[in-house]
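Open the structure in your viewer and keep the selection panel at hand. The tour goes from stop to stop, with something to select at each one.

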Amino acid sequence: MPYRHSEPVTLDPHTTALILVDVQHDFFPGGPLPTNPPFPTPTSTTSTPPPSIFATLSALLTQFLTADAKVVATRDSHPPNHSSFKVHGGPFPPHCITATPGHGWAIPELDSLVKSNKVIVIDKGTVVEKEAFSGFEGTPHLADTLRAKGVKTVVCVGVATEYCVAATARDALKEGFDTLVVEDAIGGIGDVDTIHGVLAELAGLGAKIVVKDNLSFRKN
């Protein structure tokens with residue numbers, strides 16, 4: 001695809017943060033808003049399905065923590081009567097209601113990493129009347145949190161591509177962060193044309209659309 005950044009990218013661990021967007025049970029198979037696995041990228045073929053998004057996300061998480069880079073996890077944290085739910089006039093089924101199983105992390109190791117303060121959590125969608133797709137609309141304020149830690153580059157992964165991943169990437173660009181989206185570490189609700197259109201739009205705004213295997217950290 002013409003929007004893909006095909007060159008290797010070397011990151012500075014001191015100024016880079018991984019943003020895991022909404023990696024919660026309700027957005028995966030068995031939940032009310034399941035996302036699709038990543039579509040084939042240059043590192044996969046039609047005869048070999050891409051790796052599970054869980055494996056790719058876990059590998060990225062390990063890579064960033066090993067490099068001592070920052071890691072942020074955004075989390076939909078809706079009240080039961082949130083305005084985005086169909087029963088209250090919104091477009092979505094109830095999902096990610098705080099303190100329910102579907103609100104929990106879909107990657108098991110995130111629980112312990114959050115408890116040990118190795119991952120910063122940003123809760124969003126907590127106000128009944130307000131939708132919040134972007135992690136930059138959450139609490140604590142993501143842009144301020146990143147700047148306070150010296151972050152200049154963000155790497156966005158997670159779900160759903162055309163909603164919260166795209167909104168987070170757009171806002172990261174608006175806030176002045178160098179922004180990467182890892183194509184084989186995102187999952188969307190829409191079809192392949194929808195996802196490609198969103199990624200092309202983000203590339204047009206200035207984001208680099210990359211694949212996991214092209215990311216590495218600068219050696220100190």
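Two strands count as paired if DSSP finds at least two bridges between them. Keep in mind that this is a predicted model.

**Stop 1: strand E5 and its neighbours**

Select strand E5, residues 153-159. On one side, strand E2 (residues 16-21) is joined to E5 by 6 bridges, and the two strands run parallel. To find one of these partners, select alanine 17, whose bridge partner in E5 is valine 154. E6 covers residues 178-187 and pairs with E5 in the parallel sense, over 6 bridges.

Next, show the side chains of E5. In a regular strand the side chains alternate between the two faces of the sheet. Here Thr153, Val155, Val157 and Val159 point one way, while Val154, Cys156 and Gly158 point the other way. Is E5 mostly covered or exposed? It is mostly covered, with 7 of its 7 residues buried.

**Stop 2: helices H4 and H5**

Select helix H4 (residues 161-174) and helix H5 (residues 192-205). Their axes lie 10 Å apart and the packing angle is about 0°. Angles under 35 degrees count as roughly parallel, so H4 and H5 are roughly parallel to each other.

Show the side chains where the helices meet. The H4 residues in this contact are Thr161, Glu162, Ala166, Ala169, Arg170 and Leu173. From H5 come Thr194, Ile195, Val198, Leu199, Glu201, Leu202 and Leu205. The residues of this contact divide into 8 nonpolar, 2 polar and 3 charged.

**Stop 3: aromatic pairs**

How many aromatic pairs does a search of the whole structure find? The search finds 6. Select phenylalanine 64 and phenylalanine 217: their ring centres are 4.9 Å apart and their planes are at 85°, so the pair is edge-to-face. Phenylalanine 64 is in helix H1 (residues 53-66) and phenylalanine 217 in strand E8 (residues 215-217), so the pair ties together parts 153 residues apart in sequence. Phenylalanine 64 is buried at 0% relative accessibility, and phenylalanine 217 is buried at 13%.

Then select phenylalanine 133 and tyrosine 163. Their ring centres are 5.5 Å apart with planes at 45°, so this pair is tilted. Phenylalanine 133 lies in the loop between strand E4 (120-124) and helix H3 (142-148), and tyrosine 163 lies in helix H4. Phenylalanine 133 is partly exposed at 27% relative accessibility, and tyrosine 163 is partly exposed at 31%.

Key:
Residues numbered from 1 in each chain as written. Predicted model: local features only at pLDDT ≥ 70, side-chain atom pairs only at ≥ 80, totals over all residues. Heavy atoms only, no water. Axes fitted to C-alpha atoms, helices over the stretch in contact; angles between N-to-C directions. Helix = DSSP H or I, 4+ residues; strand = E, 2+ residues; numbered from the N terminus. Parallel < 35°, antiparallel > 145°, perpendicular 65-115°, else oblique. Contact = heavy atoms within 4.5 Å. Nonpolar A, V, L, I, M, F, W, Y, C, P; charged D, E, K, R; others polar. Phe/Tyr/Trp six-rings, centres within 6.5 Å; stacked < 30°, edge-to-face > 60°. Buried < 20%, exposed > 50% of the residue type's maximum accessible area, 1.4 Å probe, protein only.
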